[in-house]
Structures are given as C-alpha cells and as structure tokens.
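User: I would like to go through this structure step by step. Please take my questions in turn.

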Amino acid sequence: AKELGRDGIALFTSEMTATVRKKLSRTDELRQALLRDEFVLHYQPQVDLQTGRIIAAEALVRWNHPSEGLVYPGDFIALAEETGLIVPLGEWVLQTACNRAKAWQDKGLEPIRISVNVSARQFQEKRLIETVATALTESGLDAKWLELEITESLIMKDLAGSIARMYELEKLGVKLAVDDFGTGYSSLSALKRFPLSRLKIDRSFIADIPHDADDMAITSAIISLAQKLDLEVIAEGVETEEQARFLVESGCNEMQGYLYSRPVEEERFNLMLENNGGI
Ligand code: C2E
Ligand code: CA
Ligand code: CA
Ligand code: CA
C-alpha cells in the first residue's frame, strides 16, 4: 500500500510538473507570437437598429498559430492576463485597431467607431493612459471614434480606482462602454458616477429571447435604465430576427451578433463598409 501511495504521489507530481511545463511553454509561445506578429484582429459590425447601417466595429483578437491554425481568445487571453503578456498584447491591439479605423476614414468611407476590449490587468496598469494616447497620436485617429469596453465585474473590483481611471480616459476624449452588462453587481447609483457612453447588454440575456420571459423583462429594464441615465445601449449576441425585433420595440439603439455578421477578417470588413447602407 505504501508503495502504491508513493507511486500515486510520484505520478501526481509528474502530472503537476507536466501541467506547469505546458503552461510555461505556452507562455513562451505567446511571447514569441508577439515578436513574430502572429496576432490578427477580426472585426464584428455593430449596427444601428433604426437604419440598419454599420456604425461601429468591435476588434476581436485571434492568434494565427503556425501549427494550430486560428486560436480564439478563449484559449489564450486568460494566460496572457495571468502572465502580464496581456499588456504588450493589448498595446498591439489598441494600436492596430486605431490604425485600421483611421485607414477606413482615409479611404473616404463613412467614419465608424472602433471598440476595443480592455482586460482587468490592462485597466489597472498606470501606463494604459499613455498607451491609449500613443495609439491615437500614432494613428491620427480622433479620440471620439475610439471606445473601450470594460466589464462590469472589473469596475466593481476596485470602484474608486476604476472611477479615477475612467475619468483619466474620458479626459483623452475616448468613449467607455460597460461590457457584459447585467452579469456583475454594479449598484445602479454607482453607474451614475461613471463617465460612460454605453451599456452593452450581455448576450446571456439575449440568447433565450423570445422564449424566456425573465430575460425579456431584464433586457427591457436595462434598456430603459440606460435611457433614463442618458446612455446608449447595445445588445450583443443577437442571432435571430425575433431578437432584433424585440430590441427595436424596446428602444435599443444598436445590436451586434451573428444575425448581421460574425467577426470577419479585415478585407471582408472593408467590403462590408464599402456596401454599408445597401440593405
Ligand atoms: P466579448 O468582449 O464579450 O466579445 C464577444 C464575443 O462574442 C466574441 O467572441 C464574439 O465572436 C462572440 N459573438 C459575437 N456575436 C455572437 C453571437 O451572435 N452569438 C454568439 N454565441 N457569440 C457571438 P471571441 O471573439 O471568441 O472573444 C471572446 C472574448 O475574448 C471577448 O468577449 C473578450 O472578452 C475577449 N477578447 C477578445 N479580443 C480581445 C482583446 O483584444 N483584448 C482583450 N483583453 N480581450 C479580448
Ligand atoms: Ca467586448
Ligand atoms: Ca461581451
Ligand atoms: Ca435564460
């Protein structure tokens, strides 16, 4: 039994080592990927529910892995966050997204907003302000076209710090949206103190519309809350016509989701912009 136990422990330890080793080598790969320029941005349209036109794009990062193909953020953002690599990666994302938005404008296309996700670690870094300022200066993009998406849970983790950081960003002229809204626990009174432009209703509330009466009640409550606080509101994860219709009827401004388009490569998004309003 003792021997078995010893074997058990030995096995357990070597498994642990394997996990740690795997994580270390994945971290190394991520670091290499940054140097080798293996990340790409895909863009998903955000659509005005009144006009049906694209008025914004969310930039979503993917890893063009040399042997694994396209790797989605669900498979590397957490590790990047844990190891701090999210900071240089986030800088790359910000700069690339701003450059792209400016390039669209320079082509004579109707200007659209660009939304960039900012994770907790990035948001806590002092140099975020400098990073954003640099991305704007280097791209030449007017700050009013850049929107940063931060999650509700991130804001609530350090309320005072977050509010201060949000005001610094507002001073630069960029817009702020609360991502995954409704899943955290923001006190509604706190919401009023944030320099926010937009609430982004989490897709978990949209998914079961029109079958889930509770989700419909929550969604329309968020929309009217936004209206009362003078905020714009966008629904994410809109996949069906029925969901879009419900949102229009509830007074929602914008939507994003597979119904209109999945996130697409830059070239594809270019084409969509060129045909914008053609539906
Ligand atoms: P998110 O910010 O909530 O982004 C929306 C996610 O929902 C995207 O997944 C998008 O592809 C997906 N989606 C869009 N429309 C629909 C729909 O109609 N139905 C369904 N089921 N899903 C839809 P993606 O691209 O895999 O990104 C996952 C998460 O990774 C993002 O969630 C965001 O939190 C994070 N992420 C992506 N890019 C970045 C980045 O550049 N920086 C940081 N910090 N995080 C990022
Ligand atoms: Ca987002
Ligand atoms: Ca979201
Ligand atoms: Ca539900």
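The questions and answers below cover confidence, metal sites, a ligand and some backbone details.

User: What average pLDDT does the protein chain have?

Analyst: This is a predicted model, in which local features need pLDDT of at least 70, side-chain atom pairs count only at pLDDT 80 or more, and totals for chains, interfaces and linings use all residues. Residues are numbered from 1 along each chain as its sequence is written, chains are lettered from A and ligands numbered from 1 in the order in which they are written, and side-chain values use heavy atoms, with hydrogens and water left out. The model scores ipTM 0.97 and pTM 0.93. For pLDDT, the predictor's confidence in each residue from 0 to 100, 94% of the residues score at least 70 and the chain average is 92.

User: Which protein donors hold the calcium ion (ligand 2)?

Analyst: Donors are N, O and S atoms within 2.8 Å of the metal (3.2 Å for Na, K and Ca); water is not among the atoms, so sites may look incomplete. Along the chain, the donors of the calcium ion (ligand 2) follow the spacing E-x58-N-x31-E-x29-D. They lie 2.1 to 2.4 Å from the ion and are Glu58 (OE), Asn117 (OD1), Glu149 (OE) and Asp179 (OD).

User: How many residues apart in sequence are glutamate 149 and aspartate 179?

Analyst: Helices (H or I, at least four residues) and strands (E, at least two) are DSSP runs, numbered from the N terminus. Glutamate 149 and aspartate 179 are both buried, where buried means under 20% relative accessible area, exposed over 50% and partly exposed in between (1.4 Å probe, protein chains only). Glutamate 149 is in strand E5 (residues 146-151) and aspartate 179 is in strand E6, so the pair ties together parts of the chain whose separation is 30 residues.

User: Is glutamate 236 buried or exposed?

Analyst: Glutamate 236 is in the loop between E8 and helix H11 (241-250). Its relative accessibility is 9%, so glutamate 236 counts as buried.

User: Which residues supply the donors of the calcium ion (ligand 4)?

Analyst: The donor residues of this ion are spaced D-x3-D-x2-D in sequence. Aspartate 212 has 25% relative accessibility and therefore counts as partly exposed, while aspartate 215 has 11% and so counts as buried. The protein donors lie 2.5 to 2.8 Å from the calcium ion (ligand 4) and come from Asp208, Asp212 and Asp215.

User: What share of the area that ligand 1 exposes alone does the protein bury?

Analyst: Of the 22 residues that surround ligand 1, the closest are Gln44, Arg62, Arg203, Glu239 and Tyr258, a residue being near if one of its heavy atoms lies within 4 Å. Polar side-chain atoms lie 2.8 Å from an oxygen atom of ligand 1 for arginine 62 and 3.0 Å for asparagine 117. Accessible areas come from the Shrake-Rupley method with a 1.4 Å probe; for residues, only the protein chains shown count as cover. Taken alone, ligand 1 exposes 800 Å², of which the protein buries 81%.

User: Which side chain makes a polar contact of 2.7 Å with lysine 200?

Analyst: Lysine 200 is found in strand E7 (residues 198-201), and with a relative accessible area of 1% it is buried. A polar contact is a pair of N or O atoms within 3.5 Å; within protein, one must be able to donate a hydrogen and the other to accept it, and residues adjacent in sequence count only if both atoms are side-chain atoms. At 2.9 Å the side chain of lysine 200 has a polar contact with glutamine 256. The polar contact of 2.7 Å is with glutamate 58.

User: Where is the proline that a cis peptide bond joins to isoleucine 209?

Analyst: The cis bond joins isoleucine 209 and proline 210, and omega is about 10°. Proline 210 lies in the loop between helix H9 (203-206) and helix H10 (213-228).

User: What is phi of aspartate 230 near?

Analyst: Aspartate 230 is in the loop between H10 and strand E8 (232-235). Its relative accessibility is 72%, so aspartate 230 counts as exposed. Phi is positive here in a residue other than glycine, near 65°.
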